[in-house]
Amino acid sequence: MDRMPSVMVSASDYLSQGFNFIVTLNTFTFGFKEVQGLSVTRYTDLITEGGVNDHSLLVGRPNNENNIYDLTFSRGLLKRSTSLVTGAAKVAAALIPNNILRKAALLGITALDPQESLEVGPALGTIEVYNRYKKLTASYTFLSLGMTEWSVSDLSADSNDIIIETIKIAHTGLTRVPIEAPSVVGAIKGLISSFKDDSSSSSSSSVKSNFEEKYKEYKERYQKAEKLKAQKDEELKLWREQRKKEQELKELEKAQEEQKRLLLEEQRKQEAEQRAKDIKKRQEEAAKRREEAEKAKSKKLSDEHDTNEDETETINENSDHNSNNSIDENSDDNLENDVDENLEK
């Protein structure tokens, strides 16, 4: 009786699951819910070679279309923060006159800031995939050119789902890094472990030790990330305090300027009032002098009028006296004449 030939399959230790993966950019580890776009495109041409008449030859060619590949990462929405050190470093790098040194400085800034590594680039990225026993089964590398698209899930008052942000980055191509092949002894032990309990216990202890090592490594990374986060929070706190002090100083300067302006306006107002008082006083003095002059003039005219009246009265009296004298003289003459006439008679 013929039997089917044995089929070689991967051992369970090397089967990968889609939820055990790590994404790193430069030296920073990122936790993502989902990674999309893991694909490799090979650009080829078909050529016909003389003497080969039954088929064409498939040869590789460069990416003449200059296509840019995309990777899409999804995760829970995180609060963005700005590092004061990164901002100051960017300003300092922008002042470097040499183009090569300026680019090198910007690359260094990107390598020191996780947010810059993810969103700005360029950054050397890796994606590592682990199996159920936390053993590395696949690794991919790529050169990130920076973020090309960002979006978040829809907002709804009827849902309590976590907001998911989607980040799409451009890269130059995905490279599959070969993983060390298992030895023959390891393969045999893997086959034996599926039939024997003792080997399964040794495998479980090995898995446990690997898990403990990975856990220790993850714990160190987490502590490092927490330390870096605390440092950045402290920098942000100092930056905010500095900004607050600068704002308070600006407000104080503004208040002082406003006080100076009000004092100057008050001084000008007082000077204007004093000038108005002086003008009014001079006007009153001028009016008083005019009034005194008018009184003196009227008195002078009155005195002159009285003098004229006295002179007139004196003239009249003199004329009356003269007329009386003339009348008396005439009367005396007439009397004498009468006497003379009587005597003649």
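Strands (E, at least two residues) and helices (H or I, at least four) are DSSP runs numbered from the N terminus. The term buried denotes a relative accessible area under 20%, exposed one over 50%, and partly exposed the range in between, with a 1.4 Å probe and protein chains only. The structure is a predicted model, in which local features require pLDDT of at least 70 and side-chain atom pairs count only at pLDDT 80 or more, whereas totals for chains, interfaces and linings use all residues. Residues are numbered from 1 along each chain as its sequence is written, and side-chain values use heavy atoms, with hydrogens and water left out.

Contact here means heavy atoms within 4.5 Å. Over the protein chain, 65% of the contacts between residues at least 6 apart in sequence join residues at least 24 apart. The chain contains five helices and 10 strands, and buried residues make up 15% of its 345 residues.

A search of the whole structure finds two aromatic pairs. Rings of Phe, Tyr and Trp (its six-membered ring) are paired if their centres lie within 6.5 Å, and planes under 30 degrees apart count as stacked, over 60 as edge-to-face and the rest as tilted. The rings of F30 and F32 have centres 6.0 Å apart and planes at 20°, so this pair is stacked. F30 is buried at a relative accessible area of 11%, and F32 is buried at 9%. F32 also forms a stacked pair with F73, with 4.6 Å from centre to centre and 20° between the planes. This second pair links distant parts of the chain, as F32 lies in the loop between β2 and β3 (34-36) and F73 in strand β6, 41 residues apart. Both F32 and F73 are buried, and F30, F32 and F73 together form one aromatic cluster.

Nine salt bridges are counted under the criterion of a side-chain nitrogen of Lys or Arg within 4 Å of a carboxyl oxygen of Asp or Glu. One of them joins R61 to D45, with the closest N and O atoms 3.2 Å apart. R61 occupies the loop between β5 (57-60) and β6 (69-76) and D45 lies in strand β4 (residues 44-47), so the pair ties together parts that are 16 residues apart in sequence. D45 is partly exposed, at a relative accessible area of 36%.

A salt bridge is also formed by D113 and K232, for which the closest N and O atoms are 3.8 Å apart. Distant parts of the chain are linked by this pair: D113 lies in the loop between α2 (99-112) and α3 (114-119) and K232 in helix α5 (residues 197-344), 119 residues apart. D113 is buried at 6% relative accessibility, whereas K232 is partly exposed at 22%.

Helix α5 also holds both E258 and R261, three residues apart, or about one turn of the helix. Their side chains meet in a salt bridge with an N to O distance of 2.2 Å. Both residues are partly exposed, E258 at 35% relative accessibility and R261 at 37%. A network of salt bridges links E258, R261 and E265.

The accessible surface of the protein chain amounts to about 27,300 Å², with 54% belonging to carbon and sulfur atoms. Accessible areas were computed by the Shrake-Rupley method with a 1.4 Å probe, and for residues only the protein chains shown count as cover. I68, L124, L143 and L145 make a nonpolar surface patch of about 360 Å². Patches consist of residues with over 30% relative accessible area and no salt bridge, like charges being joined within 9 Å and nonpolar side chains (Val, Leu, Ile, Met, Phe, Trp, Tyr) within 5 Å. L145 lies in strand β8 (residues 136-152) and is partly exposed at a relative accessible area of 40%.
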